[in-house]
Amino acid sequence: MSRRRRMWIVLAAIVLLAVGGFFVWRRASARNPSTEERTAVVERGTLEVTVNASGRIEPIRQVDLTFSAPGRVAEVTVQIGDEVRAGQVLARLDTGDLELSLRQAEAALKSAQAQLAQLRAQPRPEAVKAAEAAYRSALAQYQRLKNSPSPEEKAVAEANLKRAEVMLNRARAAYEPVSWRPDIGALPQSLNLETATLDYQIALANYQLTTKGASPEDLAAAWSNVESARAQLERAMSGPTEEELTVAEAAVEQARAAYEAARRNLEKATLTAPFDGVVSAVNIVVGEMAPTGLPAISLVDISGFRITVNVDEMDVARLRVGLPAEVTLDALPDVILTGKVERIGPAATLVEGTVAYPVIIALDPTDAPVRAGMSANVTVRVEELTDQLLIPNWAVRIDQTTGQPYVYRKTASGDLERVDVRLGARYEGYSQVLSGLNEGDVLVLVRENTSGGFGFPFGR
């Protein structure tokens, strides 16, 4: 046999011995778990169940005030850190154009209201009398045109024409004997003839116009005046129609809406404090245009503080509104603040990949120099269990097959026995024992080989 072959045989034997020894050790360790010198005594005590979270101090209210329309800043009455009262003016824009628009809108509204009131008023006697007079005048004018010329008018025109003709003939008879004279133009006979000729032409034109009568167009225009006068008289006597009232009322509403819009625009040019608080930011300067996309002034209410924390989904079910809370601040390590759960968010959010719910903690009034933005650690006391059997979590194991929690208890003879237990609340390294153990029992930490399916640690 070669030397090399003998070496391989020796190595194989060593490997077989090692494997066999491992299985013998594993079986022995499974039957007899080894113990360490770590023990605990089952005692009665108080288990305080709490939920811990962290956040930052927030004022109970804060608001960013912004001008809704662009404009030049005319006045800024506050600075950062100023305390203000609700309704106090903080800043104003130049309002010259806005005030003018408001006055114009107010005048238009008053005019529309006056017209509506006039329509709704009872008919006035003087208005009725004036409408009646206008109607009678229009009707008389139409009748004169329709019946013209009258016999009297025709007779007068004819008589005037005949008289003018007689006077013209006389003037001609006096002119003819001296018509040969060179100075005829300077003689009175010549002037009389000219005057008589003009009078005759006028009388003839008047006679022709009088005997002609009114045209159809003239009659139609006169009748239109009669109809218009009659409608005015009926309106004065009976009041406005429903349609007229509707139109007038709509005009009032439109004018009122324009007035309200102008008034609101003027109000929006002034920033006022919505509540008592402290100015936390001022982003406007007198004489410059106010920003429309950024807050002009920020205001916080420091009469009270709160903290918004994100609570893990496993813990939020324990919380309820009104539970007491203790708060410590990184900036004030010697101060312990108190508060209570004010609100629990109904919807979850993802915080660094973990499902959490926002919970608001309202702080009680304090004289401590608390400031918004300070880092805070919150402890909410969920439950306080007094006079309970308590054991450390490191002593508890969970059966991998059944899920049953159990412990190793030392017997009177010094041996170890496995005891199944029923646990309740668990917090801060301790568990409440509901059944399975008694006060004074001694528990022993046992390190098991979990690959054989015995159990795994419950906690530390």
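Entry 1: I began with Glu260, which is partly exposed, at a relative accessible area of 26%. My scale calls a residue buried under 20% relative accessible area, exposed over 50% and partly exposed in between, with a 1.4 Å probe and protein chains only. I was looking at a predicted model, where local features need pLDDT of at least 70, side-chain atom pairs count only at pLDDT 80 or more, and totals for chains, interfaces and linings use all residues. Residues are numbered from 1 along each chain as its sequence is written, and side-chain values use heavy atoms, with hydrogens and water left out.

Which residue forms a salt bridge with Glu260? I found Arg263, with the closest N and O atoms 2.6 Å apart. A salt bridge here is a side-chain nitrogen of Lys or Arg within 4 Å of a carboxyl oxygen of Asp or Glu. Both residues sit in helix α7, 3 residues apart, or about one turn of the helix. Arg263 is partly exposed too, at 27%. I counted 17 salt bridges by this rule.

**Entry 2: the whole chain.** I then stepped back and noted 8 helices and 20 strands. These are DSSP runs numbered from the N terminus: helices are H or I with at least four residues, strands are E with at least two. Of the 460 residues, 29% count as buried. Contact means heavy atoms within 4.5 Å. Among contacts between residues at least 6 apart in sequence, 76% join residues at least 24 apart.

Entry 3: I checked α2 (residues 96-120), whose 25 residues reach 37 Å from first C-alpha to last, close to the 36 Å expected at 1.5 Å a residue. The expected span is 1.5 Å times one less than the number of residues. Its buried residues are Leu102, Ala105, Leu109, Ala112 and Leu116, and they pack against α7 (242-268). In α4 I listed Ala157, Leu161, Ala164, Leu168 and Ala171 as buried. An α-helix has 3.6 residues a turn, so residues three or four places apart point the same way.

Entry 4: Next I followed β15 (residues 405-410), which pairs with β16 in the antiparallel sense over 5 bridges. Two strands pair if DSSP finds at least two bridges between them. Lys410 has Leu416 as its bridge partner in β16. The hairpin has 5 residues between its strands, and Gly414 in the turn has a positive phi of about 95°.

**Entry 5: charges on β16.** Arg418 is partly exposed, at 39%. I noted its salt bridge to Asp399, at 3.2 Å from N to O. This pair links distant parts of the chain, with Arg418 in β16 and Asp399 in the loop between β14 (397-398) and β15, 19 residues apart. Asp399 counts as buried, at 11%. Arg418 also meets Asp420 in a salt bridge of 3.5 Å.
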